[in-house]
Amino acid sequence: MLRFTVKRFFGAIPTLLVLMVLAFTLIRVAPGGPFDSEKQLSAEIQERLNAAYHLDEPLWQQFIRYLGNLLQGDFGPSFAYADYTVSELIATGFPVSLKLGSLAMLLAIIAGVAIGTMAALKQNTRTDYVVMTAAMTGVSVPTFVIAPLLVLVFAVTLQWFPAGGLGDWRNLVLPVIALALPQIAYIARLTRGSMIEVLRSDYIRTARAQGLTQIEILFHHALKPAILPVVSYLGPATAAIITGSVVVEQIFGVPGLGRFFVQGALNRDYTLVMGIVVFYGVLIICFNFFVDIAYRWLDPRVKL
Amino acid sequence: MTGVSQQGHSLFRIAMRSLLSSKATTTALALMAIVVLLTLAAPLLSPWDIDSTDWDNVATSPSIETAHYFGTDDVGRDIFVRTLYGGRISLLVGLSATMVSLVIGVFWGAIAGYAGGRTDQLMMRFVDVMYAMPFMFFVILLMVFFGRNIFLIFVAVGAVNWLDMARIVRGQTLSMKHREFVEAARAGGVSNLNIIRRHIIPNLLGVVIVYVTLTIPQVILVESFLSFLGLGVQEPMTSWGALVNDGAALMESAPWTLFFPALFLAATLFCFNFIGDGLRDALDPRDSAGES
């Protein structure tokens with residue numbers, strides 16, 4: 001366990017370095033800069049600004065400086081939001097995105113596993129076909145189609161929930177559903193496939209022969225091995241939810257990190273964009289690590 | 001050698017036969033074909049042009065008399081024509097970006113698997129590293145910084161999607177490289193590159209086709225995602241994603257501007273996913289005993 005943790009920790013370093021080098025060069029090589037505006041600044045002011053933010057140094061030197069600051073937890077100042085540091089912006093945006101994302105993930109896992117299990121128990125019946133066709137539709141309809149439709153039906157026509165903004169739980173309902181739906185569909189498909197295989201296995205037949213009820217078999221014996229593929233999908237699912245949040249936050253006017261990112265990219269806000277990429281990169285790496293540990297805990301055949 | 005390549009084909013043929021034997025997948029294939037034909041025949045089907053504005057019919061609902069079969073948008077452009085032309089772009093991006101990812105993925109995976117040892121470890125470690133990248137963010141950055149060029153979309157999206165392909169191809173190559181026909185070619189003095197090109201890659205055909213059908217919808221989705229954010233295809237060109245974005249803004253007054261592009265996009269993705277799934281099941285070695 002300890003060896004595994006240490007190994008993974010050192011394994012993550014090259015990943016992070018590649019991530020940062022890629023993002024850094026991509027941002028800096030791009031034409032345009034953070035101080036481009038309608039009004040042409042005088043050369044002298046431009047020079048001073050560049051000097052103040054160390055933009056006049058060679059690229060590699062800037063990168064080293066950035067890394068040094070990062071190690072001390074300093075993401076630097078934002079270029080576009082004057083007087084704010086990137087850390088402050090992440091601190092305001094992330095809690096919102098986290099709430100949205102974790103609720104969506106929770107909903108996706110619970111609903112997805114439940115639906116998939118139901119379809120597996122009724123394999124090749126009409127229920128199964130209907131549910132699985134619905135799930136295939138869910139995989140195929142993108143978030144940015146679902147979200148406006150949800151707004152149209154539940155906010156504009158029925159007026160059950162507000163169409164956007166931030167407030168009490170009612171504001172969260174539609175964005176969370178929009179974010180979760182494709183994942184529910186995907187997880188349901190995964191669960192159905194593995195559950196069918198597990199239910200066919202010998203030890204389940206033995207359990208059945210011993211007279212255990214369907215429910216006991218399901219919860220005590222079948223569920224744990226059947227959700228293994230779902231657990232290993234959690235990594236990509238997080239990435240998908242983070243990406244989806246960019247769109248969902250845009251549509252529902254939720255002030256989270258996704259919106260900061262798109263705005264930051266459009267404003268050439270170097271440090272903000274870089275900060276968000278690094279932040280999410282670290283988050284995904286950490287999350288994948290926890291998923292691996294959970295997987296090994298669920299499946300003792302896999303050794304740490 | 002011919003025996004070997006015939007086996008590859010017959011595996012494919014078996015897959016096709018079992019695919020066509022299912023009513024659902026046949027329907028998906030037919031639907032797919034209809035969408036493709038419609039987008040190709042777009043200019044013949046409507047008197048309107050992609051950017052022609054009909055000021056007598058602004059934001060009108062679908063009607064046969066005015067020849068606006070899917071209605072018009074807020075500047076009087078015909079949604080039917082725009083949906084079909086948009087489909088051309090979406091499908092084109094889907095196909096070309098998939099080709100990019102196919103070429104990179106197949107060569108990367110085949111070389112890693114065939115070379116084995118250090119090279120393999122290094123190449124696959126690189127794939128692992130790339131897997132952990134928040135790629136959508138890089139694509140967004142690319143589009144923002146380097147202009148919304150359609151060729152850049154192909155390359156960017158393709159460059160993002162080759163990782164799965166590389167992993168699958170590597171696995172297949174590993175299982176193939178000690179088979180008799182490869183040993184025979186090696187004994188006969190065929191160069192490594194030619195073994196990969198002439199003997200390994202043709203035998204990967206079946207698996208690769210499955211993943212191509214599953215990659216195309218992913219790629220179309222990424223493109224429409226970008227277009228939805230306003231970072232993809234630019235006016236006067238359009239794509240399903242861009243149309244959905246326009247439609248979402250008008251959905252309260254003119255819901256058809258959202259409905260039809262969204263329907264075409266979803267139906268296309270559905271068909272590709274369905275066919276890909278069917279192919280994968282058909283080729284699954286666990287179900288077809290006797291296939292090596």
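Predicted model: local features only at pLDDT ≥ 70, side-chain atom pairs only at ≥ 80, totals over all residues.

Colleague: How many helices and strands does chain A have?

Modeller: Chain A has twelve helices and zero strands. Read from the N terminus, its elements run α-α-α-α-α-α-α-α-α-α-α-α.

Colleague: And what does the secondary structure of chain B come to?

Modeller: Chain B comes to 13 helices, again with zero strands.

Colleague: What box do the C-alpha atoms of chain A fill?

Modeller: Along the principal axes, the box is roughly 85 × 55 × 30 Å.

Colleague: What share of the residues in chain A counts as buried?

Modeller: For chain A, 45% of the 304 residues count as buried. For chain B, the share is 52% of 292 residues.

Colleague: How does the lining divide by class?

Modeller: The lining of the second largest pocket has 15 nonpolar residues, one polar residue and one charged residue.

Colleague: What about the surface: which residues form a nonpolar patch there?

Modeller: The patch is formed by A:Leu2, A:Val6, A:Phe9, A:Phe10, A:Ile13 and A:Leu17. Together they have about 610 Å² of accessible area.

Colleague: Where does A:Leu17 lie?

Modeller: A:Leu17 is part of helix 1 of chain A, which covers residues 2–29.

Colleague: Why does A:Leu17 count as partly exposed?

Modeller: The relative accessible area of A:Leu17 is 36%. Partly exposed residues fall between the buried limit of under 20% and the exposed limit of over 50%, so A:Leu17 belongs to that middle class.

Colleague: A new topic: how many salt bridges are there over all chains?

Modeller: The count over all chains comes to four salt bridges. In general, side chains of opposite charge can pair when their charged atoms come close.

Colleague: Which residue forms a salt bridge with A:Asp128?

Modeller: The partner of A:Asp128 is A:Arg192, and the closest N and O atoms are 2.9 Å apart. A:Asp128 lies in helix 5 of chain A and A:Arg192 in helix 7 (residues 169–199) of chain A, so the pair ties together parts that are 64 residues apart in sequence.

Colleague: Are A:Asp128 and A:Arg192 buried or exposed?

Modeller: Both A:Asp128 and A:Arg192 are buried.

Colleague: What about the pair A:Asp202 and A:Arg205, buried or exposed?

Modeller: A:Asp202 and A:Arg205 are both exposed. Their side chains meet in a salt bridge of 3.3 Å, N to O. Both residues lie in helix 8 (residues 202–209) of chain A, three residues apart, which is about one turn of the helix.

Colleague: Which residue meets B:Asp120 in a salt bridge?

Modeller: B:Asp120 meets B:Arg170, at 2.6 Å from N to O. This pair links distant parts of the chain, 50 residues apart, with B:Asp120 in helix 5 (residues 117–131) and B:Arg170 in helix 8 (residues 162–176) of chain B.

Colleague: How do B:Asp120 and B:Arg170 count in terms of accessibility?

Modeller: B:Asp120 counts as buried because its relative accessibility is 8%. B:Arg170 has a relative accessibility of 22%, so it counts as partly exposed.

Colleague: Lastly, the loops. What is the phi of A:Asn124?

Modeller: Phi of A:Asn124 is near 60°, a positive value in a residue other than glycine. A:Asn124 sits in the loop between helix 4 (86–121) and helix 5 (126–140) of chain A, and at 48% relative accessibility it counts as partly exposed.

Colleague: And where is the place of B:Phe70?

Modeller: B:Phe70 is in the loop between helix 3 (42–45) and helix 4 (79–115) of chain B. B:Phe70 is buried, with a relative accessible area of 12%.

Definitions and conventions
Residues numbered from 1 in each chain as written. Chains lettered and ligands numbered in written order. Heavy atoms only, no water. Patch = residues over 30% accessible without salt bridge, like charges linked within 9 Å, V, L, I, M, F, W, Y side chains within 5 Å. Areas by Shrake-Rupley, 256 points an atom, 1.4 Å probe, with all protein chains shown as cover. Helix = DSSP H or I, 4+ residues; strand = E, 2+ residues; numbered from the N terminus. Buried < 20%, exposed > 50% of the residue type's maximum accessible area, 1.4 Å probe, protein only. Nonpolar A, V, L, I, M, F, W, Y, C, P; charged D, E, K, R; others polar.
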